[in-house]
Amino acid sequence: RAGDLVTLVLESSDQLSEQKAKAVQFAGSRREEARDKFGEREVLNPVTWTSQQSVDDRALQEQIEADRGAEEEGQDWILLASAGIGIGVILLIVLLSR
């Protein structure tokens, strides 16, 4: 956009699908180059920063979901405790204002 003029670029669905195919090929070649240069990806233990041997994607995904469930349980407890404290403060204000 420059001043009062706007330039519209119109692309057909054929052009978009062609660009997507090129992007997929480019991403694939970049992945292959990275694997050749750096080797296979390596999963690190986030606490010790050491390599975890033979961790597959399913096990990693299950561990992530389990961690999320534990976090949500902790958040529920905090939410309930905060609500209880809030109700207690409101009741205290009502009782003292009489």
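What follows is a working chat about the predicted model shown above.

Trainee: Before we go into detail, how many helices and strands are in the protein chain?
Mentor: There are two helices and zero strands in the protein chain, and please keep in mind throughout that this is a predicted model.

Trainee: And what share of the residues is buried?
Mentor: Of the 98 residues in the protein chain, 1% are buried, while the accessible surface of the chain comes to about 9,600 Å², with 58% of that area belonging to carbon and sulfur atoms.

Trainee: Let's take helix 1, then: is it largely in the open or largely buried?
Mentor: Helix 1 lies largely in the open, because the number of buried residues among its 26 is one.

Trainee: What about its length, what span should helix 1 have?
Mentor: Counting 1.5 Å a residue, the 26 residues of helix 1 should span 38 Å, and its end C-alpha atoms are 37 Å apart, so the two values agree.

Trainee: Which residue follows helix 1?
Mentor: That is Gly-39, and its phi is positive, near 90 degrees.

Trainee: Switching to charges, how many salt bridges does the count come to?
Mentor: The count comes to one salt bridge, which Lys-22 forms with Glu-18, their closest N and O atoms being 3.7 Å apart. Side chains of opposite charge can pair when their charged atoms come close.

Trainee: Where do Lys-22 and Glu-18 lie?
Mentor: Both Lys-22 and Glu-18 lie in helix 1, four residues apart, which is about one turn of the helix.

Trainee: And why does Lys-22 count as exposed, and what about Glu-18?
Mentor: Lys-22 counts as exposed because its relative accessibility is 52%, whereas Glu-18, with a relative accessible area of 46%, is partly exposed.

Trainee: Last topic: which residues make the nonpolar surface patch?
Mentor: Val-6, Leu-8 and Leu-10 make a nonpolar surface patch of about 390 Å². Val-6 lies in the segment before helix 1, which covers 13-38, and at 53% relative accessibility Val-6 counts as exposed.

Methods: Residues numbered from 1 in each chain as written. Predicted model: local features only at pLDDT ≥ 70, side-chain atom pairs only at ≥ 80, totals over all residues. Heavy atoms only, no water. Patch = residues over 30% accessible without salt bridge, like charges linked within 9 Å, V, L, I, M, F, W, Y side chains within 5 Å. Areas by Shrake-Rupley, 256 points an atom, 1.4 Å probe, with all protein chains shown as cover. Salt bridge = Lys/Arg side-chain N within 4 Å of Asp/Glu carboxyl O. Buried < 20%, exposed > 50% of the residue type's maximum accessible area, 1.4 Å probe, protein only. Expected span 1.5 Å × (residues − 1).
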